[in-house]
Amino acid sequence: MATNPPRKIQLERISHVYYKHENIEAAKKFADDFGFYEASQVGKTTYYRGYGSEPFVIALEESDKTEFGGAAFAVESEEELEYASKILPKDCKATDVYELKDAPGGGKAVTFYDPVDGFPFHLVYGQTPVETRDPKFPALKVNFPQEKHRGPNQFQRFQKRPAPVHKLGHFGMCVTNFAKAYEFYSSYFNFHPSELVHNDEGVNITVFFRLDRGAQEVDHHCFFFFEGPKMHVHHSSFETHDFDAQVLGHDWLRHQGYENCWGVGRHVMGSQIFDYWFDPSKFILEHYVDGDLLNMDEPTHHNKAAPDNLHVWGPEVPATFLQ
């Protein structure tokens, strides 16, 4: 695998993810209860948006095989797509630039395959943003013990409902060779490690990547992976409005009979308040709020793998989350 491309492919943000389901009706019901907004349905694929400006954040395809279809990142220009299609290693089997004909927002894309484990990865450009929606949650005025922000005769009242999804924040994979995956993604793309996690021998086994956008503030991580015996998607994570929205969403999913994976709790790396759920196909999807923003002034942090590094409060880490 070549490790010294002329320059790195410049990613701007994470955009959307694809999932394939044998039981598409159950998957679509979960999507509604999770807080996605249906954008359109074309053939066997249903596209869902959040209340942000991305034309869609998740696509669910009816298929005879349940599997992860990859994540998509927006690049800086169409020229960047052309560059990626030519510069990526042959093992990636990168496509030529193609039109996103059926997807909301249109645009163009390149698809390649992880050179170690073969999962799909997509690059997109030129999708037309959509008008943002009102999530219909207030900007709360919180009354602290010695500092009051809400005036007299003003109330905090909510309705039971799903937690409205704003955007896709990150996704994560279990890979079979951490060192090779790290070499590839850090060499070919402007991914930068916010956190590196090592084992007892000091060998790195997990990375939380953010995008190197210079002085621009970006999410603490948009892509993470860790080493394990079998490649699989770990989870995809979606931002919601605030803590009240998140817990309302937790209760809504619980009352619908879905299986909670882990949460609600507060992460250490990234600081997000998290809530992980299994969808009917046993994929893990997360609601998060209050994540850290970083720029390139912040150095990489190095941590030893330990359960206490995953959360500062909340339920104990379940074995199903660590698989």
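Q: Is Gly169 buried or exposed, and what number tells me?

A: The idea is relative accessible area: under 20% is buried, over 50% is exposed, and in between is partly exposed (1.4 Å probe, protein chains only). Gly169 comes out at 2%, so it counts as buried. Keep in mind that this is a predicted model, where local features need pLDDT of at least 70, side-chain atom pairs count only at pLDDT 80 or more, and totals for chains, interfaces and linings use all residues. Residues are numbered from 1 along each chain as its sequence is written, and side-chain values use heavy atoms, with hydrogens and water left out.

Q: Where does Gly169 sit, and what is its C-alpha distance to Asp219?

A: Strands here are DSSP runs of E, at least two residues, and helices are runs of H or I, at least four, numbered from the N terminus. Gly169 belongs to strand β9.

Q: Which residues does the "domain: VOC" annotation cover?

A: Residues 167-290, according to an unreviewed UniProt entry. UniProt positions are given in the numbering used here, feature names are shortened, and an annotation may be inferred rather than shown by experiment. In the model, that span is 49% strand and 19% helix, and its end C-alpha atoms lie 13 Å apart.

Q: What is in the largest pocket, and which residues are closest to its centre?

A: Rolling a probe the size of a water molecule over the atoms shows where empty space is left. On a 1 Å grid over the protein atoms alone, a pocket is an open set of points with protein on both sides within 12 Å along at least five of seven lines, whereas in a cavity a 1.4 Å probe fits but cannot get out; lining residues have an atom within 4 Å of a point. Points are joined across faces, edges and corners, and the volume is the space filled by probe spheres set on them. Here the largest pocket has a volume of about 590 Å³. It is lined by 32 residues, and the closest to its centre are Thr206, Phe226, Leu310, Phe321 and Leu322. Strands β9 (167-175), β11 (204-211), β13 (223-227) and β14 (232-239) are the elements giving two or more residues to that lining. By class, the lining has 18 nonpolar, 11 polar and three charged residues; Ala, Val, Leu, Ile, Met, Phe, Trp, Tyr, Cys and Pro count as nonpolar, Asp, Glu, Lys and Arg as charged, and the others, Gly among them, as polar.

Q: How many cavities of 30 Å³ or more are there, and which element gives the most to the lining of the largest one?

A: The search of the whole structure turns up one. The largest cavity holds about 60 Å³ of space. Its lining includes Phe30, Phe36, Asp279 and Leu285. Elements giving two or more residues are β1 (11-21), α1 (24-34) and β4 (58-62), with α1 giving the most, three residues. The lining splits into eight nonpolar, one polar and one charged. In α1, the buried residues include Ala27, Phe30 and Ala31.

Q: What makes Phe178 and Tyr182 a stacked pair?

A: Rings of Phe, Tyr and Trp (its six-membered ring) pair if their centres lie within 6.5 Å; planes under 30 degrees apart are stacked, over 60 edge-to-face, and the rest tilted. The whole structure has 45 aromatic pairs. For Phe178 and Tyr182, the centres are 5.9 Å apart and the planes at 25°, so the pair is stacked. Both residues lie in helix α3 (residues 178-188), four residues apart, about one turn. Phe178 is at 4% relative accessibility and so counts as buried, while Tyr182, at 22%, counts as partly exposed.

Q: Which ring does the charged end of Arg7 sit over, and which one has Lys282 over its face?

A: A charge sits over a ring if NZ of Lys or CZ of Arg is within 6 Å of the ring centre and within 35 degrees of the ring normal. Arg7 has its charged end over Tyr83, 4.0 Å from the ring centre. Lys282 lies over the face of Phe278, at 5.2 Å.

Q: Where do the backbone angles deserve a look, and what is omega between Gly263 and Val264?

A: Most residues other than glycine have a negative phi, and most peptide bonds are trans. Lys282 has a positive phi near 75°, in the loop between β16 (273-278) and β17 (284-289); at 52% relative accessibility it counts as exposed. Asp290 also has a positive phi, near 60°, and sits in the loop between β17 and β18 (293-294). The peptide bond from Gly263 to Val264 is cis, with omega near 10°, and Val264 is in strand β15 (residues 259-267).
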